[in-house]
Amino acid sequence: SGLSWEPRSRAVEQVHLRCTEGSLEWTYPARALRVLLEPNLASARHTTVCIKPASDFQGASIYVERAGQLQLVLSEAEGARPPQQVSCFSARSAQGVALFLQASPQRGISRRSAGFQYELLSNQSAAGPDFQKVALVEAMCRPCDNTELLMAICSSDFVVKGSIRNVSHDAESHLSRVDVSVHKVYRQKNRIFQQEEGSGEWRGPIRTLLQCQVKKGGGDFLFTGNEHFGEAWLGCAPRFKDFMLVYWAARERGANPCEL
């Protein structure tokens, strides 16, 4: 909180964050805040940083430091305008990334909050700091082979059995939303898939790229994928009966990397 600082101090407060993903909330922004993203990873020089402002972002602008210069990433006016867009930029230094938050002038002491989520993502499978290319490597619009499928149930943030209720497309954001009726939750990192009050039905949304041309199909599927900024993004999604044939065949050979 900016209220905790000495009134006459001109010092820039520094915050060191060593996680690969997280969030920061700066209440009552005053003067400036320097946020150093310093992940404890040997591959830190090969990452892209993506940030997403909170829905109530106000009171500051965000800059990224580049060779001693500050480049604007998000102004206060942009942060307050829905929907909140994800901004990405490459981490060119092994020492991490420095973000500079500059408080906006204000009269009085009304409560404002400049908050955002961040993720550090691997560049190994993507070209350029485009969020859709970097963060959605798992959604490459092609069927997974058997090896990828068996690994997906081990490494995905969510693994659920379900059917497609509806598919909606947003041409402006180049994204599709798949609404899923969930019959069984094998794993989920957070509570994206939840049980509805009244009906008791488990449901949840999954996002993917518009170019994947996802269509509503009958029957049960095994949905796998990863979470980015609190949302589920589609990875491998075979028909459940096809997956079970692959899974049991691998199990008989002792070739399945993990149990479902």
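Analyst: We will take the labels one by one and set each value against its cut-off. Keep in mind that this is a predicted model.

User: What does the protein chain contain in helices and strands?

Analyst: The protein chain has four helices and 15 strands. Buried residues make up 42% of its 260 residues.

User: How many disulfides does a search of the whole structure find?

Analyst: The search finds two disulfides.

User: Why is the link between C144 and C236 called a disulfide?

Analyst: The sulfur atoms of C144 and C236 are 1.9 Å apart. The cut-off is 2.5 Å, and a pair of cysteine sulfur atoms within it counts as a disulfide. So C144 and C236 qualify. The link is left-handed, with -95° about the S-S bond. It connects distant parts of the chain, 92 residues apart. C144 sits in the loop between α2 and α3, and C236 in the loop between β15 and α4.

User: What bond does the word "disulfide" stand for?

Analyst: It is a covalent bond that joins the sulfur atoms of two cysteines.

User: Is C236 buried or exposed, and how do you know?

Analyst: C236 has 9% relative accessibility. Buried means under 20%. Therefore C236 counts as buried.

User: And what makes C144 partly exposed?

Analyst: C144 has 26% relative accessibility.

User: Why is the disulfide of C154 and C258 called left-handed?

Analyst: The torsion about its S-S bond is about -105°, so it is left-handed. C154 lies in helix α3, while C258 lies in the segment after α4, so the pair ties together parts 104 residues apart in sequence.

User: Which label does C258 get, buried or exposed?

Analyst: C258 has 19% relative accessibility. The buried label needs a value under 20%. So C258 counts as buried. C154 has 27%, so this residue counts as partly exposed.

User: Why is C19 called partly exposed?

Analyst: C19 has 48% relative accessibility. Exposed would need over 50%, and buried would need under 20%. So C19 falls in between and counts as partly exposed.

User: What makes the R165 side chain a polar partner of E201?

Analyst: The side chains of R165 and E201 make a polar contact at 3.4 Å. The distance limit for such a pair of N or O atoms is 3.5 Å. So the value passes the distance limit. R165 is in strand β10, residues 158-170. Its 34% relative accessibility makes R165 partly exposed.

User: Which other residues does R165 touch?

Analyst: Leaving out residues up to four places away in sequence, R165 touches D179, V180, S181, E201, R203 and K216.

User: Why is V182 called buried?

Analyst: V182 has 7% relative accessibility. The buried limit is under 20%. So V182 counts as buried. V182 lies in strand β11, residues 175-188. Among the residues that V182 touches are V160, F193 and W202.

User: What makes β5 and β8 a pair?

Analyst: Five bridges join β5 to β8. A pair needs at least two bridges. So β5 and β8 qualify. The two strands run antiparallel. The bridge partner of Y63 in β8 is F100.

User: Why are β1 and β6 called edges of their sheet?

Analyst: Five strands form an open sheet in the order β1-β3-β8-β5-β6, with mixed pairing. β1 and β6 each have a single partner strand, so one side of each is left without a neighbour in the sheet.

User: How do you know that β14 and β15 pair?

Analyst: β14 and β15 share four bridges, in the antiparallel sense. At least two are needed. So this is a pair. G225 stands opposite L234 in β15. Two residues lie between the strands of this hairpin, where F229 takes a positive phi near 55°.

Methods: Residues are numbered from 1 along each chain as its sequence is written. This is a predicted model: local features need pLDDT of at least 70, side-chain atom pairs count only at pLDDT 80 or more; totals for chains, interfaces and linings use all residues. Side-chain values use heavy atoms; hydrogens and water are left out. Buried means under 20% relative accessible area, exposed over 50%, partly exposed in between (1.4 Å probe, protein chains only). Contact means heavy atoms within 4.5 Å. A polar contact is a pair of N or O atoms within 3.5 Å; within protein, one must be able to donate a hydrogen and the other to accept it, and residues adjacent in sequence count only if both atoms are side-chain atoms.
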